[in-house]
Amino acid sequence: MSKYIKIRNAVKKYDEQTIISNLSLDIKEGEFFTLLGPSGCGKTTLLRMIAGFNSIEGGDFYFGETRINDMDPAKRNIGMVFQNYAIFPNMNVEKNVAFGLKNRKLPKEEIKSKTDQFLKLMKIDEYRDRMPERLSGGQQQRVALARALAITPDVLLMDEPLCNLDAKLRVEMRTVIKEIQNDVGITTVYVTHDQEEAMAVSDRIAVMNSGDIQQIGTPKVLYQRPANLFVATFIGHTNVLNGELKVKDGKPYLVLSGDYEVLLETVMSSEIKDQKVKASIRPEEFIVDINNKDGLEAVVDDAVFLGLNTHYFVHLLDGEKIEIIQESQIDSMIEKGARIYLKIKTEKINVFDEKGDHNLMEGVINDYDIYKD
């Protein structure tokens with residue numbers, strides 16, 4: 001039976017260095033929850049604390065109502081999938097999937113039934129007699145996932161499971177993983193540094209940096225209203241422009257590149273004051289006009305056609321370089337060297353304080369706020 005996970009005031013230290021300090025978190029039963037962040041941010045460390053592979057220097061970890069801090073990893077009833085597959089090279093596919101079931105000394109009929117079930121579920125039934133060396137990377141990862149799920153774990157833990165696959169296989173396998181997780185309904189904690197992968201599979205994501213959680217939310221929430229500049233730049237691609245917030249007749253205006261200004265309707269009332277800011281404008285949040293000079297003036301440096309969309313790389317008159325994405329047109333592309341004028345979709349952009357510590361716009365949702373003092 002799937003379990004919810006509760007973590008309170010977790011601390012992890014290596015020698016005198018604190019890697020994770022006072023981290024709290026709730027993962028819902030049956031949820032696909034992803035720990036996302038750059039290398040060294042603490043996401044794998046936290047996963048290994050949940051698994052029991054790392055010591056816990058402070059705080060409490062629970063599976064449901066059961067405190068697991070001192071519980072042996074073998075008794076936590078977890079399924080684990082690693083980036084290097086970790087399947088046994090001396091066993092064929094069927095024996096690999098059955099391994100955990102045999103270790104639990106289940107009846108032979110039950111072992112056979114469960115093994116067949118997950119071989120078929122992962123679509124590797126036809127490879128049951130093959131040795132791992134004769135499998136592709138994607139097939140090996142399917143074997144690893146089948147073996148982890150066959151034991152009916154309370155929690156499934158996955159550490160960068162797709163990082164060793166090529167780009168096409170990664171897309172294929174993340175779809176498989178999400179579909180299987182939906183079918184089985186198991187609580188899943190997934191670690192990755194790939195933001196696109198995280199957005200594709202997750203119910204919710206915790207964005208981590210330097211051992212701290214920056215924001216927790218759905219992929220849509222994190223993309224549309226990041227809590228700070230780190231989240232904005234880590235989730236998706238964005239252009240960050242220095243600007244000013246100026247108040248005129250009680251209304252806030254964003255001023256960019258010297259003299260271009262635009263009214264912002266969604267600034268929090270407490271932030272409506274003159275201040276220096278950083279504007280996060282995603283490439284698709286620009287409106288391009290060639291003729292109307294009422295906008296940010298820019299010059300096209302390069303254009304890359306990618307089918308549905310065309311990416312334009314431009315510079316503003318102050319030298320700032322930005323990227324713009326526009327739907328590809330059948331009959332034309334904007335030429336290199338062309339002078340264009342940009343407007344912004346003000347309802348979609350995000351504006352942060354000068355240091356980038358917090359978003360000034362309304363509508364920011366951060367599930368992590370409930371754990372903060």
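How many residues has helix α5, and how far does it reach from its first C-alpha to its last? Helix α5 (residues 167-184) has 18 residues and reaches 26 Å, close to the 26 Å expected at 1.5 Å a residue; the expected span is 1.5 Å times one less than the number of residues. The model is predicted, with local features needing pLDDT of at least 70 and side-chain atom pairs pLDDT 80 or more, while totals for chains, interfaces and linings use all residues. Residues are numbered from 1 along each chain as its sequence is written, and side-chain values use heavy atoms, without hydrogens and water.

**View 1. Helix α5 and its surroundings.** Helices (H or I, at least four residues) and strands (E, at least two) are DSSP runs, numbered from the N terminus. Buried residues of α5 include Leu-169, Met-173, Val-176, Ile-177 and Ile-180, and also Arg-174, Lys-178 and Gln-181 (buried: under 20% relative accessible area; exposed: over 50%; partly exposed: in between; 1.4 Å probe, protein chains only). The buried residues pack against β3 (32-36), α3 (108-121), α4 (137-150), β7 (155-159), β8 (187-192) and α6 (195-201). At the start of α5, a side-chain oxygen of Asp-166 comes to within 3.2 Å of the backbone nitrogen of Lys-168. Gly-185, with a positive phi near 70°, follows the helix.

**View 2. Aromatic pairs.** The whole structure holds 4 aromatic pairs (ring centres of Phe, Tyr and Trp, the latter by its six-membered ring, within 6.5 Å; planes under 30 degrees apart are stacked, over 60 edge-to-face, the rest tilted). Phe-32 and Tyr-190 form a tilted pair, 5.4 Å centre to centre with 45° between the planes. This pair joins strand β3 to strand β8, its members being 158 residues apart. Both Phe-32 and Tyr-190 are buried. Phe-230 and Phe-234 are stacked, at 5.6 Å and 15°. Both lie in helix α8 (residues 229-234), 4 residues apart, about one turn of the helix. Phe-230 is partly exposed at 22% relative accessible area, whereas Phe-234 is buried at 17%.

**View 3. The largest nonpolar core.** This core has 35 residues, and those with the most contacts inside it are Ile-124, Leu-145, Leu-156 and Ile-177 (a nonpolar core: buried Ala, Val, Leu, Ile, Met, Phe, Trp, Tyr and Cys residues joined through side-chain atoms within 4.5 Å). Helix α4 gives the most, with 7 residues. Another core, apart from this one, has 30 residues, among them Ile-5, Met-49, Met-80 and Ile-213.

Terms used:
Contact means heavy atoms within 4.5 Å. A polar contact is a pair of N or O atoms within 3.5 Å; within protein, one must be able to donate a hydrogen and the other to accept it, and residues adjacent in sequence count only if both atoms are side-chain atoms.
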